[in-house]
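Let's take a guided walk through this protein chain together. Have the sequence and the 3D view at hand as you read.

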Amino acid sequence: MAQLWRQVKNEDAKRVWEPLSLDQVMAGLIEMDDGAVALRPIEEADALQGATTLMPCDQDGEGHWAILTGDPAVRVNGEAIRLGIHLLADRDEIRLPGGVRAFFSTERLSQSEVMPDLGRQVTCPCCLLELLPGQQVRRCSRCGAWYHDMPDDPDRPLPCYTIAPTCKSCRQPLPALDGTFVWTPEELYRHV
Ligand SMILES: [Zn+2]
Ligand SMILES: [Zn+2]
């Protein structure tokens, strides 16, 4: 559940931001491909000295990634990468040699899920009732808080996710139900 946002040219040759999903990606070399940032699987013959790579560094799939580089020109949020490794955080800006930028994001897309049995009691931040294993739920993309997503339940409708405009746990906007990202790098340029 992580993306690398990169700028690509659309049909009108206008530059637009596009998310490159990092799900199911093992590790990759960050390269330029036709003017856009691309990620290429590492091959045995690759000389990694001076290269910049993106590497997942967890087993739980929670979206922890590190950037490794031997290139002193690569920056994260304007800072050189000391020791050649940097653990990426949500919305980190990666600047490659030549000034090309990409952004790392850990936002989850909104999707209806079945509440798993976590072996502990979890309450919905909206209605404050317990979330029972097997119930339909949705999660906040930022903090992972669980919400009921049962607007049409015949016994007791719980439209908790849809009625909460912002997450009651982290106060960030909840992702739209249509599966689009709340945050894109576009907003950084809106006021420029
Ligand atoms: Zn609820
Ligand atoms: Zn939240």
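First, some ground rules. The model is predicted, with local features requiring pLDDT of at least 70 and side-chain atom pairs counting only at pLDDT 80 or more, while totals for chains, interfaces and linings use all residues. Residues are numbered from 1 along each chain as its sequence is written, and chains are lettered from A and ligands numbered from 1 in the order in which they are written.

Let's start with the whole chain. It contains two helices and 14 strands; these are DSSP runs numbered from the N terminus, with helices (H or I) of at least four residues and strands (E) of at least two. The C-alpha trace spans about 60 × 40 × 25 Å along its principal axes. Of the 192 residues, 24% are buried. Here a buried residue has 20 or more other C-beta atoms within 10 Å of its own, an exposed one has 12 or fewer, and a partly exposed one falls in between, with C-beta atoms placed from the backbone. Two residues are in contact if their C-beta atoms, placed from the backbone, lie within 7 Å. Among contacts between residues at least 6 apart in sequence, 38% join residues at least 24 apart.

Now look for the open sheet of six strands, whose order is E2-E1-E11-E10-E7-E8, with antiparallel pairing. Strands E2 (15-21) and E8 (79-80) each have a single partner strand and stand at the edges, so one side of each has no neighbour in the sheet. Two strands count as paired if DSSP finds at least two bridges between them. In general, strands of a sheet pair through backbone hydrogen bonds, parallel or antiparallel.

At one end of that order, E1 (residues 3-9) pairs with E2 in the antiparallel sense over seven bridges. Along this pair, Trp5 stands opposite Pro19 in E2, and Gln7 stands opposite Trp17 in E2. The hairpin of E1 and E2 has five residues between the strands, and Ala13 takes a positive phi near 60° there.

Six bridges link E3 (residues 28-33) to E4 (residues 36-41), and the two run antiparallel. Glu31 has Ala38 in E4 as its bridge partner. What does E3 pair with besides this? It also pairs with E5 (residues 52-56) in the antiparallel sense, over two bridges, and Gly28 has Leu54 in E5 as its bridge partner.

Further along, Ala73 lies in the loop between E6 (65-69) and E7 (75-76). Ala73 is exposed because 12 other C-beta atoms lie within 10 Å.

Finally, step back to the domains. The domain assignment, automatic or from a database, gives domain 1 (3-106) and domain 2 (110-192). Their C-alpha centres lie 29 Å apart. Six residues of domain 1 are in contact with five residues of domain 2. On the side of domain 1 that touches domain 2, E2 and E11 (101-105) each supply at least two residues.
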